[in-house]
Amino acid sequence: MSERVINWFKYASPQTFYPLAGKLIPWFWALAAIFGLAGLTIGFLLAPTDEQQGEGYRIIFLHVPASWMSMFIYLVMAFWAGTGLAFNTRLSGMMASALAPTGALFAFLSLWTGALWGKPMWGTWWVWDARLTSELILLFLYIGFIALQAAIDDPRRADKAGAILALVGVVNVPIIYFSVKWWNTLHQGASVSLTKAPSMAAMMLWGMILCALGCWMYSIAVALMRVRTIMLERERHTDWVRSVLGEKE
Amino acid sequence: MHWNNVADFLAMGKHGPYVWGSVIVMALLMVAEPVLLRRGRKKLIARLKRQFRVERSETPADSRPMIVPTGRSNT
């Protein structure tokens, strides 16, 4: 048990985490490709037509994973930001910074695919209802976090300022998630027409889950890539960066 | 297989532009992100290597402590 704790702390240092992340990245890319291809095959080639929405419902296989990721990445980012604030660990702030752009990407994709789904189904690209508006606020929170960090030269101070913004913004995530229950919105519940035919439900659900897993693996791979670059940049005055870049001995 | 032919698949009922508009933008961005990251990383590594080389070439000529801190973290 105690060994495990020591191991965790070992990887909390950029010097030890850097090579580990490097080894993990190809595996996450491979998993992203496998899950993504499987999910898209089911979603776009095998899944039957939706009774109500026709073929247009297939946007669900992109929209739902993107939306889930945009919310989940925010929670993870806020977790790392909070950890950094509480324990003053270097890696935490770097992880939060590495996640923000990917979270923003998924928030944008959620809005984009949502608009393209909304137009044929609701007759409008956009409506100021609770679900859509709170997702837009999430995108602004990500952009605000990135901009705030970019505006502060000292990375440790940037981490702290960003962490406070990230933690305050966390309140928005349950608002997005429960908005369809709390308010009367145009946005449908997650389960399109999953209850209609059991075989169809299983196929759609699997497509969605696999696509979501693909997006998870993608996010981890990309976040690890970005955190490695951030590590090199921030730790450039250290010996370990020199030896990593082959500039020693 | 749900589709009878490629034309049906591309048409997506009447929703082709909406579905493919989503797919293409999502695919483009999810390809662009790692490509840009890779490029940024290569640039950074090249910059750091250049910087280290300059520092190393200056060190033997000047035995005084360097102005630029090396070998220690200032964070």
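Reader: What pLDDT does chain B average?
Author: The model is a predicted one, and for the complex the predictor gives an ipTM of 0.87 together with a pTM of 0.87. Within chain B, 77% of the residues score at least 70, and the chain averages a pLDDT of 82.

Reader: How many helices and strands does chain B have, and what share of its residues is buried?
Author: The secondary structure of chain B comes to two helices and zero strands. Of the 75 residues in chain B, the buried ones make up 11%.

Reader: How many residues of chain B are in contact with chain A, and which classes do they fall into?
Author: On the side of chain B, 32 residues are in contact with 37 residues of chain A. Divided by class, this side of chain B has 17 nonpolar, eleven polar and four charged residues.

Reader: Is the crossing of H3(A) and H6(A) left-handed or right-handed, and which classes of residue make the contact?
Author: The crossing of H3(A) and H6(A) is left-handed. H3(A) contributes residues including A:Met77, A:Ala81 and A:Leu85, while those from H6(A) include A:Asp159, A:Lys160 and A:Leu167. The residues of this contact divide into seven nonpolar, three polar and two charged.

Terms used: Residues are numbered from 1 along each chain as its sequence is written. Chains are lettered from A and ligands numbered from 1 in the order in which they are written. This is a predicted model: local features need pLDDT of at least 70, side-chain atom pairs count only at pLDDT 80 or more; totals for chains, interfaces and linings use all residues. pLDDT is the predictor's confidence in each residue, from 0 to 100. Two residues are in contact if their C-beta atoms, placed from the backbone, lie within 7 Å. Ala, Val, Leu, Ile, Met, Phe, Trp, Tyr, Cys and Pro count as nonpolar, Asp, Glu, Lys and Arg as charged, and the others, Gly among them, as polar. A crossing is left-handed if the near helix is turned anticlockwise from the far one by less than a right angle, and right-handed if clockwise. Helices (H or I, at least four residues) and strands (E, at least two) are DSSP runs, numbered from the N terminus. A residue is buried if 20 or more other C-beta atoms lie within 10 Å of its own, exposed if 12 or fewer, and partly exposed in between; C-beta atoms are placed from the backbone.
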